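Reader: I'm new to this one. Could you walk me through how to read it, feature by feature?

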Amino acid sequence: MGAPLSAWPWENLGSYKYLLFGPMIWKAFYSIVYEDVLPMQSWCLHVLVICALRGLIHQLWNSYSNMLFLTRNRRIIKQGVDFKQIDTEWHWDNFIILQGLIASMACYLVPYLQDLPVWNAKGLITSMVLHVGVSEPLYYWVHRQFHANDFYQNYHSFHHSSPVPQPLTAGNATFMEHLILTVIIGIPILGSTLMGFGSIGIIYGYLSVFDFLKCLGHSNVEVISHKLFEKIPFLKYLLYTPTYHTLHHTEMATNFCLFMPLFDALGGTLNQKSWELHKEMSLKAGVNGNVPDFVFLAHVVDVSSAMHVPFVFRSFASIPFSIRLFLLPFYPPGIVVCLAMWAWAKTFLITFYNLRGRLHQTWAVPRYGFQYFLPFALDGINNQIEQAILRADKLGVKVISLAALNKNEALNGGGTLFVNKHPDLRVRVVHGNTLTAAVILNEIPKDCQEVFLTGATSKLGRAIALYLCRRKVRVLMLTLSTERFQKVQKEAPAEYQNYIVQVTKYQAARNCKKRLHLW
């Protein structure tokens, strides 16, 4: 059994937790349709819109953070996000439901909150004073308490269980922590309202800025230039940076503030490496990072699959692909993105991983599957592939593998078009068939003199036969098609063509010591 208030009341509901918004949705609909309440006067509608807006802020920050083609050189912690972290943060948005329910109850119990003006300038000043004077120091003190042994073990360790801070990590905490955070957030809003300076604009604005800054600190991407703090030195005590908060996640005994490092300085918990590391990360923003050893050059399949990349919906990228009907409203903008990529985009980085100490990256040609079957689009696709190969060669990539339709024989001869065009390439251009062929060839003894090959005229069989004949190994190709056999044989240099022999029966392998069966 966990500590009191560590578990969420609705954690057993799974995705059905969103039904908790049902009464508010019905109330907003009923009041607008049947009670002639204007949308601007429906407090339920405002609560729902604010909840949606807060979710959108987190999603947009998460998308940006995972756009490696924009952020790869700005990342603070270089390792990737694993499936365990995604699973742990699956219900990151519980706090939005909690605070939405509390806000709806507050509006119901205090009718005055339902009649707030759209804007009140005095409320802006009041909420800022309350935030700096009450919310910031209160959060700092509470946060330090949550790092004490018992509180940390029972509550706050869940938030720190994510090895790589992400915008969604900002909302990933226990029920107890978010109850306290709700009070901290509510002080500037309720305080300015009780003083008579509250407004709808302050509520929208304060919550949006609060969530924006929380996501900023957890983004793991340094977006604030060190030059800003060099020009305005005192600003570094008023606004934290992603590097600043990441230090809290990696070292934990320092940098406890909400958004203002001033309170860490006053409390003696400011990490002395904060500004130095921030400057270092800022300077690295324009410098290329580690060069990958291997690049997998893929392409987009269709609009639906495009929504499953990590920078669109991270959760979908971590589970098997399936069609989801609730994604249908995203198809029109998805088609617009498809056309925009066709017109302007270049090959870009999608994901990366480290295997046995080597960096592997997946790049994507900005073309969708259907475009590979449009004759007028083929030259453009080959140009994209060629530019990707040249870029990889310039970077010092060792191997680039053409994936799926990028290796189509009719498109570019499985990559031979580029190898022949650029004979001085240092990067090895391969694809799945050639890699498989390499593995098979490695298993053939060096002193082998004869090989019997089934599936001989397939892509894989062709590659193996053409390589072995150059080693002066006699290749018995089992095929009934003389036309296909001759096509393969003619690809071999003239002096090696006699090493490739057509056979039509399995009995031809009777005296052959090495037999390869390809399907």
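**Reading helices, strands and cores**

Author: Let's begin with a helix. The face of H16 turned away from its buried side carries the exposed residues Val336, Ala343 and Trp344. Keep in mind that this is a predicted model.

Reader: And which residues of H16 are buried?

Author: Gly334, Cys338 and Met341 are the buried ones in H16. Look down the helix axis and the buried residues of H16 fall within an arc of 65 degrees, so they line one face of the helix.

Reader: What do the buried residues of H16 pack against?

Author: Their partners are helix H14 (303-306) and strand S2 (348-355).

Reader: Is Arg356 buried or exposed?

Author: The cut-off for exposed is over 50% relative accessible area. Arg356 has 82%, so it is exposed.

Reader: Now strands, please. What is the general idea for their side chains?

Author: In a regular strand the side chains alternate between the two faces of the sheet. For a case here, take strand S7 (residues 474-478), which is mostly covered: four of its five residues are buried.

Reader: Which strands is S7 joined to by bridges?

Author: Strand S6 (residues 450-454) is joined to S7 by four bridges, and the two run parallel. Four bridges also join S7 to strand S8 (residues 500-503), again in parallel. You can follow the pairing through Val475 in S7, which is the bridge partner of Val451. In S8, the bridge partner of Val475 is Ile500.

Reader: How does the chain get from S6 to S7?

Author: The chain crosses through helix H21 (residues 459-470), and this β-α-β crossover is right-handed. Then S7, helix H22 (residues 482-491) and S8 make a right-handed β-α-β unit.

Reader: Which residues of H22 are buried, and which are exposed on the face turned away?

Author: Phe485, Val488 and Gln489 are buried in H22. Down the axis of H22, the buried residues fall within an arc of 100 degrees, so they line one face of the helix. The face turned away from that buried side carries the exposed residues Glu483, Lys487 and Lys490. As for packing, the buried residues of H22 sit against H21, S7 and S8.

Reader: Why does Gln489 count as buried?

Author: Because buried means under 20% relative accessible area, and Gln489 has 19%. Leaving out residues up to four places away in sequence, Gln489 touches Gln497 and Ile500.

Reader: How do I read the cores?

Author: Look for buried nonpolar residues joined through their side chains. The largest nonpolar core has 23 residues, and those with the most contacts inside it are Ile185, Phe210 and Phe259. Helix H2 (43-65), helix H8 (175-194) and helix H9 (200-217) each supply at least two residues of this core. The largest share, six residues, comes from H9.

Reader: What is Phe210 in contact with?

Author: Setting aside neighbours within four places in sequence, Phe210 is in contact with Leu181, Ile185, Leu258 and Phe259. There is also a second, separate core of 21 residues, which includes Cys448, Val451, Cys469 and Val488.

Reader: And how far apart are Ile25 and Cys44?

Author: In sequence, 19 residues; in space, 7.2 Å, C-alpha to C-alpha. Ile25 lies in helix H1 (residues 22-33). At 47% relative accessibility, Ile25 counts as partly exposed.

How values were computed
Residues are numbered from 1 along each chain as its sequence is written. This is a predicted model: local features need pLDDT of at least 70, side-chain atom pairs count only at pLDDT 80 or more; totals for chains, interfaces and linings use all residues. Side-chain values use heavy atoms; hydrogens and water are left out. Buried means under 20% relative accessible area, exposed over 50%, partly exposed in between (1.4 Å probe, protein chains only). The arc is that of the directions from the helix axis to the C-beta atoms. Contact means heavy atoms within 4.5 Å. Two strands pair if DSSP finds at least two bridges between them. A crossover is right-handed if, with the strands pointing away from the viewer, the path from the first strand over the helix to the second runs clockwise. A nonpolar core is a set of buried Ala, Val, Leu, Ile, Met, Phe, Trp, Tyr and Cys residues joined through side-chain atoms within 4.5 Å.
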